Amino acid sequence: MTTKAQPINPQNWLHSVSIINRTNKIFIGIVAAVPIALALPAEALQVQVIPTNPQLGDTLSVVIDVDSQENTDKPTVTVGEKTYPAFAIAPNKYRAFIPTTPLEKPGVRKFQVFGDGQQRNLAVQVRDRKFPVQRINLPPGKAGLEATELELKRVAAFKALQTPQKYWYGVFRKPNTARMTTTYGVRRYYNGKFANDYYHRGLDYAGAAGSPVIAPANGQVALVGKVTEGFRVHGNIVGIDHGQGVTSIYMHLSRINVKEGDFVKAGQVIGAIGSTGASTGPHLHWGLYVNGQSIDPKPWLIKAID
């Protein structure tokens, strides 16, 4: 049986063509849009390292810009086997401090910065620096002094603080007006014997006994130790937490004017110079620490490291 072809209704034919054309346009639009979206690269993680030409003893500031500060995974910076936290310093901006010390070798430091689901690899050249050698003769009764387990544990726990809040701002002040007698990084012989793996972890000020010691920046007193409590090497000591991994200590004090938990402001008197602990005479030892490592305080006295 032969089937006759049905006549085409002009209106139905035009309607079908219209549907096909619209479908094709939608399909073409989708295909065209996909390569464009894939071609848009994710914005690279913005990272800046300051200073640009560092030397041993300097504090390296790794400043990281992120798309959104609402991301629960805060940025981190890894150098070798150590990972350092980054703390918020402005909207969508974080900063991690990387310490360098005289016991390290100069050369290239490789950074891995993680943030916004991205990774950025950087390399920074750290210059060598010559540190002087000093010979110290401790008087009888102070030669061969060893720190007690109590003071070692208390001081180590203090230096490891990484409080998220940032208390300081601007340039640090000198903690005492006396002349500086020993700079940062000095290697030493004690009573003729070289101290391996040792360097002078701070600055010494030869002030008169009883002269005031001030806080160089805002912070919270997180450590108070006394000779009578077992601090026989550090002597009477005060430790201030400036926040975000920055801490400072004040050793050999004759008097302590603060207690643990006090919040102190820059310029506030916290104690007085003395010669308690392992000391050859009245002076203040001021040490500044970043993420547990002793760094050179001088740059912090010259330029704001905010």
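**View 1. A salt bridge between Glu260 and Arg154.** In this predicted model, the side chains of Glu260 and Arg154 meet in a salt bridge, with an N to O distance of 2.5 Å, the term denoting a side-chain nitrogen of Lys or Arg within 4 Å of a carboxyl oxygen of Asp or Glu. The pair links distant parts of the chain, 106 residues apart, since Glu260 lies in the loop between β17 (246-256) and β18 (263-264) and Arg154 in helix α2 (residues 149-159); helices (H or I, at least four residues) and strands (E, at least two) are DSSP runs numbered from the N terminus. Glu260 is partly exposed at 40% relative accessibility, and Arg154 is likewise partly exposed, with a relative accessible area of 29%; here buried means under 20% relative accessible area, exposed over 50%, and partly exposed in between (1.4 Å probe, protein chains only). The structure holds 8 salt bridges.

**View 2. The salt bridge of Arg109 with Glu104.** The side chains of Arg109 and Glu104 meet at 2.9 Å, N to O, in a salt bridge. Arg109 is buried, having a relative accessible area of 13%, whereas Glu104 is partly exposed, at 28%.

**View 3. The salt bridge of Lys130 with Asp128.** Here the side chains of Lys130 and Asp128 form a salt bridge of 3.8 Å, N to O. Lys130 counts as exposed at 73% relative accessibility, while Asp128, with a relative accessible area of 40%, is partly exposed.

**View 4. The largest nonpolar core.** This core has 32 residues, and those with the most contacts inside it are Phe172, Val238, Tyr250, Ile270 and Trp300; a nonpolar core is a set of buried Ala, Val, Leu, Ile, Met, Phe, Trp, Tyr and Cys residues joined through side-chain atoms within 4.5 Å. At least two residues of this core come from each of several elements, among them β13 (203-205), β15 (219-225), β16 (236-243), β19 (269-273) and α3 (298-302), and β20 gives the most, with 4 residues.

**View 5. The surroundings of Val238.** Leaving aside neighbours within four places in sequence, Val238 is in contact (heavy atoms within 4.5 Å) with Val221, Leu223, Ser248, Ile249, Tyr250, Leu253, Ile256, Val258 and Ile270. A second, separate core of 18 residues includes Leu45, Tyr84, Tyr94 and Ile98.

**Notes to all views.** Residues are numbered from 1 along each chain as its sequence is written, and side-chain values use heavy atoms, with hydrogens and water left out. As the model is predicted, local features need pLDDT of at least 70 and side-chain atom pairs count only at pLDDT 80 or more, whereas totals for chains, interfaces and linings use all residues.
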